[in-house]
Amino acid sequence: QVQLVESGGGLVQPGGSLRLSCAASGSERATGVLGWYRQAPGKERELVATTTRGGTTEYLESLMDRSTITRDNVKNTVYLQMTDLKPEDTAVYYCIARDLNHHYPQYWGQGTPVSVSS
């Protein structure tokens with residue numbers, strides 16, 4: 001079983017930055033890929049970024065220039081750094097985990113809300 005514990009959300013002013021963290025516990029196979037999805041009010045969940053243990057990353061194209069995903073394999077923790085935040089980044093951000101052989105997330109964190117507002 002995989003457990004994902006997120007932290008770092010909150011209220012941020014437009015143009016600000018934030019860093020989300022997610023500590024994962026579980027097998028190496030089940031946490032082969034760690035990453036982040038988000039769900040804005042009234043919208044479907046969307047991938048933000050993922051990373052493998054080897055450092056292969058995937059990003060939502062529209063966020064590539066404003067986000068960086070990193071991973072500490074010793075701590076099995078994944079981080080998402082976002083800059084120049086915009087009101088449209090307001091969403092609940094979910095940490096995810098999956099096996100390398102799965103395309104979709106198998107495990108979800110409880111979600112951490114991010115609100116971008118002045």
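Buried means a relative accessible area under 20%, exposed means over 50%, and partly exposed covers what lies in between, with a 1.4 Å probe and protein chains only. By that rule Thr52 is buried, because its relative accessible area is 17%. The model described here is predicted, so that local features need pLDDT of at least 70 and side-chain atom pairs count only at pLDDT 80 or more, while totals for chains, interfaces and linings use all residues. Residues are numbered from 1 along each chain as its sequence is written, and side-chain values use heavy atoms, with hydrogens and water left out.

Strands (E, at least two residues) and helices (H or I, at least four residues) are DSSP runs, numbered from the N terminus. Thr52 belongs to strand S5, which covers residues 46-52, and Thr51 lies in strand S5 as well. Thr51 is buried, with a relative accessible area of 3%. A contact requires heavy atoms within 4.5 Å. Leaving aside residues up to four places away in sequence, Thr52 touches Gly32, Val33, Arg71 and Leu100. With that exclusion, Thr51 touches Gly32, Val33, Leu34, Thr56, Thr57, Ile69, Arg71 and Val78.

**The open sheet around strand S8**

Strands of a sheet pair through backbone hydrogen bonds, either parallel or antiparallel. Two strands are taken to pair if DSSP finds at least two bridges between them. Four strands form an open sheet in the order S1-S3-S8-S7, and the pairing is antiparallel. Strand S1 (3-7) and strand S7 stand at the edges with a single partner strand each, so one side of each is left without a neighbour in the sheet. Neighbouring strands of this sheet are turned against each other by 15° on average, direction ignored; the axes are lines fitted to C-alpha atoms, for helices over the stretch in contact, and angles run from 0 to 180 degrees between N-to-C directions.

Strand S8 (residues 77-82) is mostly covered, since five of its six residues are buried. Strand S3 (residues 18-25) pairs with S8 in the antiparallel sense over six bridges, and Leu20 has Leu80 of S8 as its bridge partner. Strand S7 (residues 67-72) is likewise joined to S8 by six bridges, and the two run antiparallel. Within S8, Leu80 is the bridge partner of Ile69, and Tyr79 is the bridge partner of Thr70. The hairpin of S7 and S8 has four residues between the strands, and in it Asn76 takes a positive phi near 50°.

**Aromatic rings and charges over them**

Rings of Phe, Tyr and Trp (its six-membered ring) pair if their centres lie within 6.5 Å, with planes under 30 degrees apart counted as stacked, over 60 as edge-to-face and the rest as tilted. This rule gives two aromatic pairs, listed here.

| Ring pair | Centre distance | Plane angle | Class |
|---|---|---|---|
| Tyr37 and Trp108 | 5.2 Å | 70° | edge-to-face |
| Tyr94 and Trp108 | 6.0 Å | 85° | edge-to-face |

Tyr37 lies in strand S4 (residues 33-39) and Trp108 in strand S10 (residues 107-108), so their pair ties together parts that are 71 residues apart in sequence. The pair of Tyr94, in strand S9 (residues 91-98), and Trp108, in strand S10, links distant parts of the chain, 14 residues apart.

A charge sits over a ring if NZ of Lys or CZ of Arg is within 6 Å of the ring centre and within 35 degrees of the ring normal. Arg45 lies over the face of Trp108, at 4.5 Å from the ring centre. The charged end of Arg19 sits over the ring of Tyr79, 4.1 Å from its centre.

**The segment after strand S11**

Ser118 is placed in the segment after strand S11 (112-116), and it is exposed, with a relative accessible area of 85%. Ser118 and Leu11 are 107 residues apart in sequence, and their C-alpha atoms are 9.0 Å apart in space.
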